[in-house]
Amino acid sequence: MMEGYEQAAADAAERLASAADLDAVADVEREMLGRRSTFTEAKRRLGDLDPGERAAAGRRLNAARERVEASVAAARARLSASGRADRYAAERLDLTERLPRTTVLRRGHFHPVTQARDRLEDVFVGMGYTVAEGPEVESAWYNFEALNIPDWHPARGSFDTIFVNLGESEEVMLRSHTSPVQIRVMENRKPPIYIVAPGRTFRADTADATHLPAFNQIEGLAVDRNITMGDLAGTIDEFVRAFFGGEVKSRLRPSYFPFTEPSAEFDISRPDGSWLELGGCGMVHPNVLSNCGIDPEEWQGFAFGFGIDRLAVMRHEIDDIREFVNNDVRFLSQF
Ligand code: PHE
């Protein structure tokens with residue numbers, strides 16, 4: 001004959017097998033196994049039995065209890081697995097996008113500074129130059145010394161150089177201009193030389209509307225026989241015309257750089273008639289030619305270097321150069 005709790009256990013197993021959620025399982029568990037449950041009650045009544053019958057009754061009770069525990073565990077496993085599956089299904093993200101037919105697909109494009117750089121390269125290639133490159137981390141020799149800037153030279157301070165903690169102090173640095181590429185090219189090639197070297201340059205500057213601590217320059221270098229300042233001025237004028245079209249003018253102002261003599265700064269005209277300083281230039285200093293094993297009696301050269309980012313700012317009439325590094329697609333997609 002079945003005891004009352006055995007009947008209750010069988011009913012419980014059935015309810016558990018068809019339980020719809022975890023709360024229903026918890027209800028059955030409390031009813032059957034909790035403090036005031038069927039089994040607790042039945043266990044208390046064991047005390048009323050004869051000692052001879054108690055052991056066998058206890059085993060029956062335990063067996064029934066274990067069956068209920070196993071059913072609870074099985075129901076819980078079933079429901080939490082399916083609960084998880086439901087949750088996953090609900091949280092599923094559809095990452096495939098089907099655009100309505102009427103939407104025009106917009107292609108990505110190069111960053112405006114990259115566009116300016118490519119265009120500059122094209123303009124100079126059209127004038128017979130080739131493109132050269134150099135490393136962004138430089139030694140003091142290439143960034144300064146070979147460019148006629150010995151370590152005592154005050155111009156060294158004006159570059160706000162960012163040094164790299166490597167080797168001797170102040171020996172390794174992020175290049176503060178693209179002029180070291182001049183040296184690398186002249187060390188490795190015989191004149192005549194006509195190169196441009198675009199690339200990233202670095203200075204310990206606080207970013208503001210017209211400065212970035214990491215910016216881009218393009219260097220130009222021509223070494224040949226009988227080169228004069230007139231060739232330099234003509235080249236700058238020609239490139240400004242080719243880059244902007246006829247409406248922008250350039251001018252040279254006397255200046256000083258240790259690696260050129262004479263030296264000048266060059267400006268381009270803004271639409272409002274004011275001038276924007278773009279870069280420096282000059283005739284390559286004889287010491288620089290000698291440092292690279294080129295005889296200054298036989299060869300002359302001119303060099304120039306200017307900011308590509310500034311040129312792009314000017315071209316697109318952008319108020320703040322920092323826009324170029326904010327990487328806001330809404331800004332960038334205008335170009
Ligand atoms: N390297 C100089 C600068 O960054 C620019 C320059 C290049 C000047 C070539 C003269 C000749 O300020």
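R44 and E41 form a salt bridge (a side-chain nitrogen of Lys or Arg within 4 Å of a carboxyl oxygen of Asp or Glu), with 3.1 Å between the closest N and O atoms. The model is predicted: local features need pLDDT of at least 70, side-chain atom pairs count only at pLDDT 80 or more, and totals for chains, interfaces and linings use all residues. Residues are numbered from 1 along each chain as its sequence is written, and side-chain values use heavy atoms, with hydrogens and water left out.

**Domains**

- The domain assignment, which is automatic or taken from a database, gives domain 1 (2–91) and domain 2 (112–332).
- The centres of domain 1 and domain 2, taken over C-alpha atoms, are separated by 83 Å.

**Salt bridges**

- The whole structure holds 17 salt bridges.
- R44 and E41 both belong to helix α3 (residues 38–46), where they are three residues apart, about one turn of the helix; helices here are DSSP runs of H or I with at least four residues, strands are runs of E with at least two, and both are numbered from the N terminus.
- R44 is exposed at 53% relative accessibility, whereas E41 is partly exposed at 38%; the classes are buried under 20% relative accessible area, exposed over 50% and partly exposed in between, with a 1.4 Å probe and protein chains only.
- E69 forms a salt bridge with R65, and their closest N and O atoms are 3.4 Å apart.
- E69 and R65 are four residues apart in helix α4 (residues 51–91), and therefore separated by about one helical turn.
- E69 is partly exposed at 36% relative accessibility, and R65 is partly exposed with a relative accessible area of 28%.
- R330 forms a salt bridge with D328, with the closest N and O atoms 2.8 Å apart.
- R330 is exposed at 67% relative accessibility, while D328 is partly exposed at 25%.
- A network of salt bridges links R117, E121 and E133.

- Strand β9 (residues 275–284) has eight of its 10 residues buried, so the rest of the structure largely encloses it.
- β9 pairs with strand β8 (residues 260–269) in the antiparallel sense over eight bridges; pairing requires at least two bridges found by DSSP between the strands.
- C281 in β9 stands opposite A264.
- Five residues lie between the strands in the β8 and β9 hairpin, where G273 takes a positive phi near 95°.
- β9 also pairs with strand β10 (residues 300–307), in the antiparallel sense and over five bridges.
- F302 in β10 stands opposite M283.

**Sheet β2-β4-β3**

- Three strands in the order β2-β4-β3 form an open sheet with antiparallel pairing.
- β2 (137–139) and β3 (162–163) are at the edges with a single partner strand each, so one side of each has no neighbour in the sheet.
- β2 and strand β4 (residues 172–174) pair over three bridges, and V172 in β4 is the bridge partner of S139.

- Leaving aside neighbours within four places in sequence, L120 is in contact with I218, F239, F243, F306, I308 and L311, where contact means heavy atoms within 4.5 Å.
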